[in-house]
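Please read the sequence and the structure side by side before going through the notes below. They are meant to be followed with the structure open.

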Amino acid sequence: MFAGLARSLGLDAGRCTLCPSQTSFGMLFCEDCAQRLRPRAGGYCPRCGELSSDPDSEPTLCAMCRIEPPPWERIHFHGAYDDLLREMILRLKFAGGIQMTAPLRAILRESIRGTDELPELVVPVPLHCRRLRWRGFNQSLLLAHAVTSEHGGRLSPKALRRIRATRPQSELGPGERRKNLSGAFVANSETVRAKSVLLVDDVLTTGTTLRECARTLRRAGASRVEALVAAVADASDQPYKK
């Protein structure tokens, strides 16, 4: 059906970004990959992104967010951190897969399409200079360009800086994660004061990094913070999400 529709629209045959052996007909993905990358339409908390067991249920504020909401007002994301979406993010970050930038940007653009009003500033989660030298790029900054290229908003990569190198969060428990990131970020108050901010990262796993960044922005005077990520990890796989 996908191929037939594409041909009827006069789209030229091309190659899928993820599986080059498959024809994509002018799209980034072939029919199979597009199906596996369908956006999550329901079954999540619109405040923190926590996923429920029923992906078809209405988005509903979770119990924790009713008691102790995160320091951002809203989260935008494409889907769960699994299958092809997880593979794309890991290839970009750890396998030199810079070619994953274009499809992930497309996914982020779709995640915020239809949003009534986006924040004034687009701020990527920063890397420490040591990690930046090792990786060669900040994946969050690469993805943040997706927002400004189509939806406006001023990209502000220097609004938030990481001033302390930290251990990888994946190696730590819940208390250690918070302590690990305490004081790791600093925000430029002249840039963010009285401004609404869209905080961009690739994936939300435990939420500790995004929380610390959002708190830092709010302490510097940001009037509102929203979060945008490509994927959200399932809470059942992330016992320290809260």
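Predicted model: local features only at pLDDT ≥ 70, side-chain atom pairs only at ≥ 80, totals over all residues.

The protein has 242 residues, and buried residues make up 48% of them. Its secondary structure comes to 10 helices and 7 strands. Among contacts in the protein with a separation of 6 or more, 67% are between residues 24 or more positions apart. The protein exposes about 12200 Å², and carbon and sulfur atoms supply 48% of that area.

The sheet comes next. It is an open sheet of 5 strands in the order β1-β7-β6-β2-β3, and the pairing is parallel. The edges are taken by β1 (74-80) and β3 (154-155); each has a single partner strand, so one side of each is left without a neighbour in the sheet. Strands of a sheet pair through backbone hydrogen bonds, either parallel or antiparallel.

Strand β2, residues 121-124, can be followed to both of its partners. On one side, 2 bridges join β2 to β3, and the two strands run parallel. Here Leu121 stands opposite Arg154 of β3, and Val122 stands opposite Leu155 of β3. Towards β6 there are 4 bridges, again with the strands running parallel. In this pairing Val122 stands opposite Leu198 of β6. Val122 therefore has a residue opposite it in β3 and another in β6.

From its first C-alpha to its last, α10 reaches 16 Å over 12 residues, close to the 16 Å expected at 1.5 Å a residue. The buried residues are Thr208, Thr209, Leu210, Arg211, Glu212, Cys213, Ala214, Thr216 and Leu217. Arg211 and Glu212 are on that list along with Leu210 and Leu217. Gly221 follows α10 and has a positive phi, near 110 degrees.

Helix α5 can be read in a similar way. It covers residues 101-112, and its 12 residues should span 16 Å at 1.5 Å a residue; the end C-alpha atoms are 17 Å apart, which agrees. The buried residues of α5 are Thr101, Pro103, Leu104, Ala106, Ile107, Leu108, Ser111 and Ile112. An α-helix has 3.6 residues a turn, so residues three or four places apart point the same way. Leu104, Leu108 and Ser111 are among the buried residues of α5. Gly114 follows α5, and its phi is positive, near 90 degrees.

The cysteines are worth checking on their own. How many disulfides does a search of the whole structure find? The search finds 0 disulfides. A disulfide needs two cysteine sulfur atoms within 2.5 Å. The sulfur of Cys16 has its closest cysteine sulfur in Cys19, at 3.6 Å, which is too far for a bond. For Cys30 the closest cysteine sulfur is also in Cys19, at 3.5 Å, and that too is too far for a bond. Cys16 counts as buried, at 3% relative accessibility. Cys30 counts as buried as well, at 3% relative accessibility.

Last come two backbone angles. Most residues other than glycine have a negative phi, and most peptide bonds are trans. Asp83 is not a glycine, yet its phi is positive, about 50 degrees. Asp83 is placed in helix α4, residues 83-94. With a relative accessible area of 39%, Asp83 is partly exposed. The C-alpha atoms of Asp83 and Leu37 are separated by 8.4 Å, although the two residues are 46 residues apart along the chain.

Ala194 also has a positive phi in a residue other than glycine, near 65 degrees. Where does Ala194 lie? Ala194 is in the loop between α9 (189-192) and β6. At 54% relative accessibility, Ala194 counts as exposed.

Conventions:
Residues numbered from 1 in each chain as written. Heavy atoms only, no water. Buried < 20%, exposed > 50% of the residue type's maximum accessible area, 1.4 Å probe, protein only. Contact = heavy atoms within 4.5 Å. Areas by Shrake-Rupley, 256 points an atom, 1.4 Å probe, with all protein chains shown as cover. Expected span 1.5 Å × (residues − 1).
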